[in-house]
Amino acid sequence: MYKHPWLPNLDLTDEMLKEIGVNSLDDLFNDIPAEIKINRLLKVAKDKPLSEYEIEKEIYEKVKKNVELEAPPFIGAGICPHYIPNAVKFIIGRSEFYTSYTPYQPEISQGILQALFEYQSLMAELLEMDVVNASMYDWGSALAEAVLMANRINGKKTVLVPENANPFHKEVMRTWIQGKGIKIEEVKYDKNSGEVDIEDLEKKSSSNDVSAIYVQQPNFFGIFESNIEHIIDVAKHKKALSIIGVNPLSLGLIKPPGSYEADIVVGDGQELGLPLNFGGPLMGIFAVRWDMGLVRQMPGRIVGITRDVNNNMGFTLILQTREQFIKREKATSNITTNEALLALANAVYLSLLGKEGIRELAEEIYFRSHYAAKRLTEIDNVIMPFTSDFFEEFVIKFPIEYNIINDKLKERKLQGGLKLSIHTSLFCVTEVHDKKSIDLLVSTIQEAIKSVETS
Amino acid sequence: MWRQAKWNEPLIFELNKSGAARQGFLINKDEEIRSQIKEMKIPKNLLRENEPDLPSLSELEVVRHFVRLSQMNFGVDIGIMPLGSCTMKYNPKIEEKATAITEFHHPLEDEDYIQGILEMIYELQNWFSEITGMDECSLQVPAGSAGEFAGVLMIKKYHEEHNRNYKDTILVADTAHGTNPASAAMAGYKVMYVKSNAEGLVDMDILREIVNDKTAGFMLTNPNTLGLFEENILEISKIIHSTNAVLYYDGANLNGVLGIARPGDMGFDIVHLNLHKTFAVPHGGGGPGAGAICAKGELVNYLPYPMVEKVNGKYKLSKIPKNSIGKIATFYGNVGNLARSFAYILGLGPQGIQMIGKMSTLATNYLIAKLRDVKELELIAPNRHRKHEVVFSVKQLMENYGVSANDVAKALLDNGFYAPTIYFPPIVEEALMIEPTETETKETLDMFAETLKKIVNDAKINPEQVMKSPNNTSIARLDQAYANHPSTITPTYRVLRLRRLGKIDYLK
């Protein structure tokens, strides 16, 4: 091999070796014991380096093995399909941004630093929280870090988590907290309304070992928790930290967590201008109140305003003494690589939407998801098991097994909701689901039900 | 002479000075649907009272703002970023096409809809197993430190299953990346540092002395952060395994030996990979990255789930190792970035992969050779060949002229180069940690070496000038005390606004 587009010095090897003063490339590795050298080609990829044309063909081979759906998937569970403005894609495609590194040299990285500061600031306005970090991996890991943070602050070992919070996030949390001996206690939800069972919450928070209380707004079922302020009061009263999980888009309509003094807010920025990406990369949101006790224990990078020696405004990473590269085992988290580029995408998206756009979009999603729910429940014996109002996602109960419905949807290349039990499914409807595709979903489900009833 | 753009670009909140109603993106509203769902039934007590203070801007204003910001940023596509232990190699553009595999698919879609994605994951699981010499890989982990954390949790659970709860300590080398001790602590372990010897390698006598029944594992990167291959690795493996402890490979430095020696053959039990380093996923200004966590022997049973398996010719996300530590990411890791690595590996092929370790090592040693006459750039164990990276100490410049590693870094910025990693590893005073990677041309390496030489020379003749750099960047040196002081700390515009109104206290 003497040339390759990504290896510019292959043909200069001898010259460079001469400068070094050795005879062969192998001489550079004479400190590696012979018995562990691998003296063969690795069995990876194809049997030769592919040209770009051939790589592209391989990529489209994979694309073809996926199924192109008839309509965007009607499934959410915390991440939902949305339209992504081209300006967002364009900006994160600027390679001055996407090929840059964590801005440890701030003078030459003002662009990404200001952009991340603006992400933090735009998110802060949406949440009405004062301090936002520059991202975590995703909602699940942000929640896990929030629970670990609460434990560092108050040393208590129990976290109350409602049964109606996203089970995927809870799974991640369970993994992340296992080393610290933190116990998860599940709080029931009201089977009629779908909201957190306040009585059960009060009962379970009576222990003095409650480190934090978590609530998701809207919850996993898409339902608004109408007693959220009361839940925060319970946490305050018990000197536990309140952790609120939010769908950031819903905040175009409902009260932001800062307005009722939540301690920590987590969520996912995926709904603000990011593709589904088969579940990753996502964009973990992490915010806290203006309180040094909280800020000092926060995980992740934070960008702040400063000035240079000529008194010009500039941006730099702040509070770095919390971080692993300085504090090692005493750091607030091990996170380094985060989701910065996607925080930038969120910033561009929120800037494009603006204060009116975010409300209009949230309204549109509200209307479309309610239209889909209404149409579905017009089918005989199809009901919504919960009575409280919802946003974007909603649970539907069918008179037949959901698997049968799913099979029928597959005939039409449709992706229905997430099966929750034999007869129930959680659907997601956003601005990318037009009336025609919603109607197609409804009529296909109707057909499935009919075919069972008549057989 | 290189000059970075300097726009004095206002904050996005302060761009619209006219107060005009503007919006960068219109919402597609369906009037027919709205006519059927006439009203919202959200409980009154939940309704947002004040609209969020987001800017009102046209599409052009938003685009121009962020394009201007991009011009005040520096990436691999602009120039060399010789950041040690960060492997800032070129990110081939074809990688961006690969996201077509994943972009529009929801992670919970029916498996029949996503066979292409699952096949890609399956192939990558196998490729990374072969590349690392491990039995199996899980691609759950979204970044390197998440991989480390998963690895340490695996060690913990493994010992618990074997009733070895008395193992409460993780060893890390004193040259280790800061993530190693941080990950070990997050999993609830005590951390003990293993000192390096005068040659910059793990001190074997110290290691023998401190390894005991309480040792749960040893986290090591090889080549280490000095760029040196731990030549006693087989002996290290023996010592660690003699007490049933686990040997963990931090894959951040794999690039220096990729295709030459595999962690699995060196005796490591668990390995994590940083795909945004070794396998060319772009760094994105800090992320997103992607990772893999791989294991050998019994430890495969502890890998995070789910993994992809092939059942009757169909790919399924159904593989759950029997003692799995659980899930690390909400879904399946950063699959969109796995696709980028997939394209990269296809482009290299087995022959290209075999050359990565060789060519990155060649670049490092070539750079050292070009700088060997500069006596102010000191090396530990100068006669040893480095692998992916080299760490110079400019201690002499500091002692004799007051010029620090930070000053040298800033002077490099002035010449249109990004700076090396500085002050790392902590065992080297005034450290400049340089990793050129295999994708930089000899010509670039020559220019970089010449520039560094010149800066060292300038530091001796005119230290003041070096200490005042950078001057060609968008902004001069920044005041870190102001940035962090409780009376001036400003993490968001909201805080800035409230402070201007006198409505916010010191952060306390």
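How many residues of chain A are in contact with chain B? The notes below start there.

1. **Basis.** This is a predicted model, in which local features need pLDDT of at least 70, side-chain atom pairs count only at pLDDT 80 or more, and totals for chains, interfaces and linings use all residues. Residues are numbered from 1 along each chain as its sequence is written, chains are lettered from A in the order in which they are written, and side-chain values use heavy atoms, with hydrogens and water left out.

2. **Extent of the interface.** On chain A, 202 residues are in contact with 221 residues of chain B. Contact means heavy atoms within 4.5 Å. Between them the two chains bury about 18,400 Å². Carbon and sulfur atoms carry 64% of that. Buried area is the accessible area (1.4 Å probe) that two parts lose on being put together, summed over both.

3. A salt bridge is a side-chain nitrogen of Lys or Arg within 4 Å of a carboxyl oxygen of Asp or Glu. A:Glu19 and B:Arg372 form one, with the closest N and O atoms 3.4 Å apart.

4. **The chain A side.** Helix α12 (residues 340-377) of chain A gives the most to the side that touches chain B: 27 residues. Helices here are DSSP runs (H or I, at least four residues) and strands are too (E, at least two), numbered from the N terminus. By class, this side of chain A has 104 nonpolar, 47 polar and 51 charged residues. Ala, Val, Leu, Ile, Met, Phe, Trp, Tyr, Cys and Pro count as nonpolar, Asp, Glu, Lys and Arg as charged, and the others, Gly among them, as polar.

5. **B:Ser341.** This residue lies in helix α10 (residues 335-370) of chain B. B:Ser341 has a relative accessible area of 0%, so it is buried. Buried means under 20% relative accessible area, exposed over 50%, partly exposed in between (1.4 Å probe, protein chains only). Leaving aside neighbours within four places in sequence, B:Ser341 is in contact with B:Leu275, B:Phe279 and B:Val281.

6. **Helix α13 of chain B.** Its buried residues include B:Leu445, B:Phe448, B:Leu452 and B:Ile455. Among the elements that cover them are α1 (13-20) of chain A and α10 of chain B.

7. **B:Ala459.** Helix α13 of chain B also holds B:Ala459. B:Ala459 counts as buried because its relative accessibility is 0%. Not counting residues up to four places away in sequence, B:Ala459 touches B:Leu397, B:Tyr401, B:Val403 and B:Val466.
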